[in-house]
Amino acid sequence: MESITFGVLTISDTCYHEPAKDRSGPRLMALIAESFDNSQVIAAVLPDERDLIQRELRKWIDRDDVRVIITTGGTGFAPRDVTPEATKPLLDKDCNQLTLAIALTSLKKTKFAALSRGVCGIAGNTLVLNFPGSEKAVVECFEAVRELLPHALHLIGNNVALVARTHAEVQGTAQSEAAVPSPVKRDHVCPHKTGAGDDIDRNSPFPMVPVHQALDTILSVVQRSNASKQQMDQLRSPVNIPPFRASIKDGYAMKSTGFSGTKRVVDCIAAGDKVNEHPLQEDECFKINTGAPVPTHADCVVQVEDTRLLQRDKYGEESLVDILVEPKAGLDIRPIGHDMRKGDKVFPAADYSPVVYKSLLASVGLQQQQRKPKVGIISTGSELLAPHQPAVAGKIYDSNTTMLEELLLYFGFDCTQKLVLGDDLATIRSTLSTLFDTVDFVICSGGVSMGDKDYIKPVLEELKFELHFGRVNMKPGKPMTFASRGNKYFFGLPGNPVSAFVTFHLFALPALRWADGWERVKCPLPIINISLLNDAIDLDSRPEYMRASVTSINGKLYARINGNQISSRLQSIVGADVLIHLPGRTAEKPQAHAGETYKASVLRYDFISHYE
Ligand SMILES: Nc1nc2c(c(=O)[nH]1)N[C@H]1C(S)=C(S)[C@@H](COP(=O)(O)OP(=O)(O)OC[C@H]3O[C@@H](n4cnc5c(N)ncnc54)[C@H](O)[C@@H]3O)O[C@H]1N2
Ligand code: MOO
Ligand SMILES: [Mg+2]
């Protein structure tokens, strides 16, 4: 049976800027998926802008496959609520009774439902329903129309049946397929014909490029910004560190000409006190704390361990102390500007770590945002559920969005936009045509292999991106795709979570570092030599990057592979300290053996899990 497509359009300024806040859209998608067997859902999030809403509605209405559009949000009385105004001009016929049915259902729940202005109507062969924005309201409104939709669509035409799945039907008494008109079988259109062979040639037109060549291509295309480096080169310190002569120890400040022996303690100086100008006699001293300003007339500090307390006054304060060592001028004092002089370069060399950058700036009293490339993350897949959503048959939880965002943060980059898109050509096209207005890099996962819903490559080509490569000779990560348009860069990571993990580390991360101004040698993960602990590992035809944990035995490093390496098994990154670079299989060498040495990319700074 031909599947029909629902359009779910979330209309909300807030959700547009922070997609993770959109709960109503994903909830509607889940309700549709669990209610209608043969449905697909496309989704998008828009701000409360009438022309943007209208443009998207019109695009969806013009599509043959989209038969129902449900908008959520923007139906209230607030000034920015314009969904009904955007919808009405597109409708050929009003469906006032449907609007009434929704209103009556909602009013039974709350009288405030009267403050919703949503409309329903037919545009072409598409039924359009405006729901309010709250998750609770969309559940109620959806309940009000769920049973009506199959018949409504039947009446609208094209004789498309929408099988509403009820409990009974799921119990196996579902109506037989024969009762439903069987659609014309559509041939599989492989978007990846090589064009080399004849029409049945269904291989990818993209050659599998070697990993090193893929990285070289990326770093030759991505423009290296020297903004950060310039910022660090030019920054001069506005202050001295320390700004006063500072004691390095807890002890006693005195004149070095006063020799060792008994001294009267005239006062105590704590860190944070002002510089004490008291004219000091040679048989006097100040008790002083580390970091406190050394008094003007003292020129050395003797640490408390090199003294003996002789007497306390009637208030219990130290009054007489015996200095046991010969005081030397300058002893345990940091002169003004000792660590950094006013006008000195704050950064003796460029260092892109946010920890280094921000703390050094703070040390000279500055706070400024580090300029980093702007990155957006896209996860594609109609099967995806957001982690907080209830499970739905046929769906899986989206782990890539979380993983990629955490990886960016771990490596000192941040993600300015996160989007999850169904396998829908129009949505992917509209997203890729606008997202680059606000980001420089898009790291996308999914939709780059051989499926007829793998729209990423075709859309990139349509949007005039240059596809530098569309497959890499590696495992996992084969369909890795890299494209650019001017100074905008698109990384199409494979959807398999581990493939996305590995290709992020080997390609996207070095590109971001390069764009940030890093030295070429530091862009890829550090490489070490490691000895394999596992024996008789079958080599794949492609070079493979296996996840392994590291053991240090008498200072030598060994790697133990983390279980099943299939690229869908995210658990293989648990305990993964390194990616072992295993060569592709040859007739001479079909296996890797224990004790052999291989290169390995270090995944994290704490990369040694065991010491023996
Ligand atoms: N006929 C062929 N099919 C496939 C080939 C091939 O050469 N010929 N390559 C396989 C390889 S290798 C990989 S890797 C995958 C990559 O496919 P896509 O990049 O198109 O990814 P999807 O098909 O969208 O998804 C793959 C897999 O991963 C799951 N997935 C996707 N996104 C997420 C996410 N955000 N969180 C969790 N899991 C995700 C998805 O459900 C699929 O199971 O193609 C092979 N096919
Ligand atoms: O390349 Mo895929 O990532 O092997 O599964
Ligand atoms: Mg695919």
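Is aspartate 454 buried or exposed? Aspartate 454 is buried, with a relative accessible area of 12%; buried means under 20%, exposed over 50% and partly exposed in between, using a 1.4 Å probe and protein chains only.

This is a predicted model, where local features need pLDDT of at least 70, side-chain atom pairs count only at pLDDT 80 or more, and totals for chains, interfaces and linings use all residues. Residues are numbered from 1 along each chain as its sequence is written, chains are lettered from A and ligands numbered from 1 in the order in which they are written, and side-chain values use heavy atoms, with hydrogens and water left out.

**View 1. The surroundings of ligand 1.** Here 22 residues surround ligand 1 (a heavy atom within 4 Å), and the closest are Glu383, Asp398, Ser449, Lys478 and Asn496. This shell divides into eight nonpolar, ten polar and four charged residues, where Ala, Val, Leu, Ile, Met, Phe, Trp, Tyr, Cys and Pro count as nonpolar, Asp, Glu, Lys and Arg as charged, and the others, Gly among them, as polar.

**View 2. Polar side chains facing ligand 1.** Look for lysine 478, with a polar side-chain atom 2.9 Å from an oxygen atom of ligand 1. In serine 449, a side-chain N or O atom is 3.0 Å from an oxygen atom of ligand 1. For asparagine 400, the distance from a side-chain N or O atom to a nitrogen atom of ligand 1 is 3.3 Å.

**View 3. The magnesium ion, ligand 3.** Its protein donors (N, O and S atoms within 2.8 Å of the metal, or 3.2 Å for Na, K and Ca; water is not among the atoms, so sites may look incomplete) are Ser449 (OG), Asp454 (OD) and Asp454 (OD), at 2.5 to 2.7 Å. Serine 449 is partly exposed, at 34% relative accessible area.

Terms used:
Polar contact = N/O pair within 3.5 Å; in protein donor to acceptor, adjacent residues only side chain to side chain.
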